[in-house]
Amino acid sequence: MFTLPIVNPTLSFLVVLLVILLAPIVMGKLRIPHIIGMVLAGAALGQFGFNVLERDDSFQLFGNVGLYYIMFLAALEMDLEGLRRRKQSVTLFGFISFIIPFLLTWLVCQTVLGYSLTTSLLLGSIMSSNTLVAYPIVRRFNLQHKPSVLLSVGGTMISLMLALISLAVIESLNKGETDWWFWPLFAVKFFVYGAAMTLIIPRLARYFLRKYSDAVMQFIFVLAMMFMSAFFSDMVGLEGIFGAFVAGVIMNRYIPALSPLMNRLEFTGNALFIPYFLIGVGMLINVRVLFTDTNILWVVLALVLIGTLGKGIAAYAASFIERLPLSSGHMIFGLTSAHAAGAIAMMLVGLDMTLSDGSPVINDTILNSVVAMILFTCIISSLITEQSALTITLRDRELAKDETPDQDDEKIIIPVKYPEYAEQLVTMGMLMRNPKLHRELVALNVVYDDQKMRRNQEEGQKLLKQVVRVASAADVPITTQVRIAANIANGIKHAFKEFNASEVLLGMHMHKDVSNNFWGQFHQSLFNGLNRQIMMARLHQPLNTIRRIQVAVPSRAQYESGFYRWVERLSRLAENLECRILFHGRLDTLEFLQQYIRNNHPDMRVDYEEMEHWNELPHLASTISEDHLFVVVTARKGTISYKNAQERLPAEIKKYFKGKNLLIIFPDQYGDLDQNMTFAQSQHTEDRSAYEVIRDWINQE
């Protein structure tokens, strides 16, 4: 017989899935953020609503996972380099975002509401923390790297940490256990925890991601690291959400934003765990109390006003100090004004505390008021974040219209042959492409027109299906083709023209030793038949475990027509891998590189080191570790940056760079020369000899 609440686990899960499915549809028609729909649905279905669902252990489990997921994804998607540059601003904002609501709440609770000192301090801790409930809205608008979002995420963790520390102090004071050794002991535990996570997680990540490429195993490994960090954080005295954030920060550089692994993490969290958490929060809310107890209404009003006011003062003060536009101030306020996870955790701690007269620190009125406050602050946060995200997006589009972007013909073609290497090449192509252009990659398999053609065609189709899965997992469009040709190089050249490609990314043969005839007839035919950019990669480990990119640049490379194409590809690769890039070259060439990167990729971590002559190339071998990617920018014969020393490159690779991760680039020799010289002068106006150098070289030719 059908009874309420539902006890059948299958039917209960079905109801939750229907809520997750229908809430965005209904809220979208009402122009209300989806998050509010989840919370309201939980309030309606919970024990204080229509009592359809019981908040059992499943909601506790999935709710915790969803909460950890929000913090973990926020840390994974942070621009750590931008955070480092703004560390003082983030620290300041985190402190004022904690202290202002804390003091305001404590003062109002003491003077207006008449609560005890312990209760007032506890409520101050609750209101000084916040939860990034509205962060999925930021992700939907793809604004994760905005300065306002960086301030919000970093400040949230600092204010949460300070709130949890204050909670630990309040709890110890209430028990009479705070002695002189409390702070030293806490500091030691916190230091040991941070050092252990910093040492353990990176080493495990590098080992596991290099050794195992299975998608399911990598996904489970990442979740295991998140929960391990959350568990030890809880043991130290800081809630698990802090540990989940720490795990995300440490794993940030090992999970590129455009990787299939990141796509799987985001999909799973957004589809199941995060909605479960939001529905569970809603089930705690008793809306009826607001209409039956006027005292609760005043307490809720006071908490919402004071908490929101304190967070608002901190948010707009931070935006003013950082000289951010008003819409960014709205964004900071929206993200940091919601109270959910931290408030619930601290409230549960307060329920076990009693005053000296035996009365509870958190009575029923305060409990229901805090839960109702969570509902209202989540609604305020979601509405403001949605509106500010829309405003920032429209503002960025208007700014983009005012610019005159160059016509980019980017279309990367990737010939693949070996299954164990194809995924690496496609991943590199995904990290190099410009996602704003929405251009697909082209995966190509060329087979000989001989007796084994049919069997090779079938093998090629299987291989291309494999790379399609990799690209699809990262939501990157890809086109595939199995091509029959009498000559592999001719097959690639014909496909290049057919797809109107801009460059080729192919693998270097790793099944034989590199020799002096390394280029061979295949490569020579490809170089001679294509005047566009050709990139040859040899990778011995996954790209997400690369710690540094080192680039050897020949002199006069800045005068080649394809100079800015390969610089752009390497810049995107370094940014997506979040690793440092080091350019070796002549000072005049490095000046061009520095100017371009400063104008187009100011947040990239980059260094420059002078290399007087190409003969110094072998000396770089000692500086290149196993987890570095060494890039050699070479040239075709007859071009302005070509030099005889480049003839020794195959032998030097064999002797000095054996076992290293390599990328060899033959730049573009295509384009309007006058246009490229004009662009070069615009990028480096101080060096007016560029035009004369190229003209003299042309005249000599």
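Contact here means heavy atoms within 4.5 Å. By that rule, and leaving aside its neighbours within four places in sequence, Ile126 touches His339, Ala343, Met346, Met347 and Met373.

A quick word on the model: it is predicted, so local features need pLDDT of at least 70 and side-chain atom pairs count only at pLDDT 80 or more, while totals for chains, interfaces and linings use all residues. Residues are numbered from 1 along each chain as its sequence is written, and side-chain values use heavy atoms, with hydrogens and water left out.

Now the helices, which are DSSP runs (H or I, at least four residues) numbered from the N terminus. Axes are lines fitted to C-alpha atoms over the stretch in contact, and angles run from 0 to 180 degrees between N-to-C directions.

| Helix pair | Angle | Axis distance |
|---|---|---|
| Helix 1 (residues 9-29) and helix 2 (residues 34-45) | about 130° | 8 Å |
| Helix 2 and helix 12 (residues 260-283) | about 45° | 6 Å |

That angle makes helix 1 oblique to helix 2, and helix 2 and helix 12 are therefore oblique to each other too. Oblique is what remains once angles under 35 degrees (roughly parallel), over 145 (roughly antiparallel) and 65 to 115 (roughly perpendicular) are taken out.

So who meets whom between helix 2 and helix 12? From helix 2 come Ile35, Met38, Val39, Gly42 and Ala43, and from helix 12 Pro275, Leu278, Ile279, Gly282 and Met283.

Key
Helix = DSSP H or I, 4+ residues; strand = E, 2+ residues; numbered from the N terminus.
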